[in-house]
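Here is a short briefing to read alongside the model. Please keep the structure open while you go through the points.

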Amino acid sequence: MAGRRSGSASGSGMTPLELKIMQVLWRLGPSPVQEVQQELEGELAYTTVQTMLNVLERKGRVTRRLRGRAYEYRAAVTEEKTLGTAVADLVDRMFGGSPEELVMSLVKSRQLDAGRLAKLAARVDAAKAAKKKKEGGRDRDA
């Protein structure tokens, strides 16, 4: 298990650097190496960014296509799916599969107070209502 944790962004199967590069691609859309490097504010050499994009391509996280003389890289996995996988892994490993325990941990550590809990409850209610409305619309069309 220790080997899995080292360098891996919890549950996403990506290192922190890979995740940072994916966040650039999610934000910009399909981009050549130079644009990704610039978006990272030049903190990495062009060749490092290129190598990391090629690693992500081999892992199936990005696809690439030749545009002129340079490859353009595109995210092959969505941010939502990556986030969902990472959160599910965190909940499984740290909270025994219980999302409620995750929330309680946030409350106990004072990262989630009564005001934020109330806002969260309102968002949950709104999501439920939207889902119910969407499901109702499908039933009528069927």
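**A buried glutamate and its surroundings**

Glu18 is buried, with a relative accessible area of 2%; buried means under 20% relative accessible area, exposed over 50%, and partly exposed in between (1.4 Å probe, protein chains only). This is a predicted model, in which local features need pLDDT of at least 70, side-chain atom pairs count only at pLDDT 80 or more, and totals for chains, interfaces and linings use all residues. Residues are numbered from 1 along each chain as its sequence is written, and side-chain values use heavy atoms, with hydrogens and water left out.

**The chain as a whole**

- The chain has seven helices and three strands; helices (H or I, at least four residues) and strands (E, at least two) are DSSP runs, numbered from the N terminus.
- Read from the N terminus, the order of elements is α-α-β-α-α-β-β-α-α-α.
- Of the 142 residues in the chain, 25% are buried.
- Contacts (heavy atoms within 4.5 Å) between residues at least 6 apart in sequence include 43% that join residues at least 24 apart.
- The chain exposes about 10100 Å², with carbon and sulfur atoms supplying 53% of that area; accessible areas come from the Shrake-Rupley method with a 1.4 Å probe, and for residues only the protein chains shown count as cover.

**Helix H2**

- Helix H2 covers residues 16-28, and its 13 residues should span 18 Å at 1.5 Å a residue, which agrees with the 18 Å between its end C-alpha atoms; the expected span of a helix is 1.5 Å times one less than its number of residues.
- Which residues of H2 are buried? They are Glu18, Ile21, Met22, Val24, Leu25 and Trp26.
- As background, an α-helix has 3.6 residues a turn, so residues three or four places apart point the same way.
- The cover over the buried residues of H2 includes strand E1 (31-32), helix H3 (33-39), helix H4 (46-58), strand E2 (62-67), strand E3 (70-75) and helix H5 (79-95).
- Glu18 itself sits in helix H2, and, leaving aside neighbours within four places in sequence, Glu18 is in contact with Gly13, Met52, Val55, Leu56 and Lys59.
- Just after H2, Gly29 adopts a positive phi of about 85°.

**Salt bridges**

- The count comes to five salt bridges, each being a side-chain nitrogen of Lys or Arg within 4 Å of a carboxyl oxygen of Asp or Glu.
- One of them joins the side chains of Lys59 and Glu18 (2.9 Å, N to O). This pair links distant parts of the chain, with Lys59 in the loop between H4 and E2 and Glu18 in helix H2, 41 residues apart.
- Is Lys59 buried or partly exposed? Lys59 counts as partly exposed, because its relative accessibility is 39%.
- Another salt bridge brings together the side chains of Glu43 and Lys20 (2.7 Å, N to O). Glu43 lies in the loop between H3 and H4 and Lys20 in helix H2, so the pair ties together parts that are 23 residues apart in sequence.
- Glu43 is partly exposed at 48% relative accessible area, and Lys20 is partly exposed at 35%.
- Glu72 forms a salt bridge with Arg67, their closest N and O atoms being 3.4 Å apart. Glu72 counts as buried at 17% relative accessibility, whereas Arg67 counts as partly exposed at 44%.

- E2 and E3 pair in the antiparallel sense over six bridges; two strands pair if DSSP finds at least two bridges between them.
- Glu72 in E3 is the bridge partner of Arg65.
- Two residues lie between the strands of this hairpin, where Gly68 takes a positive phi near 70°.

**Surface patch and a loop serine**

- Val103, Leu117, Leu120 and Val124 make a nonpolar surface patch of about 260 Å². Patches are made of residues with over 30% relative accessible area and no salt bridge, with like charges joined within 9 Å and nonpolar side chains (Val, Leu, Ile, Met, Phe, Trp, Tyr) within 5 Å.
- Helix H7 (residues 114-141) gives the largest share of the nonpolar patch, three residues.
- Leu117 is placed in helix H7 and counts as partly exposed at 32% relative accessibility.
- Ser98 is found in the loop between H5 and helix H6 (99-108), and counts as buried at 17% relative accessibility.
- Ser98 and Ala88 are 10 residues apart in sequence, with their C-alpha atoms 9.6 Å apart in space.
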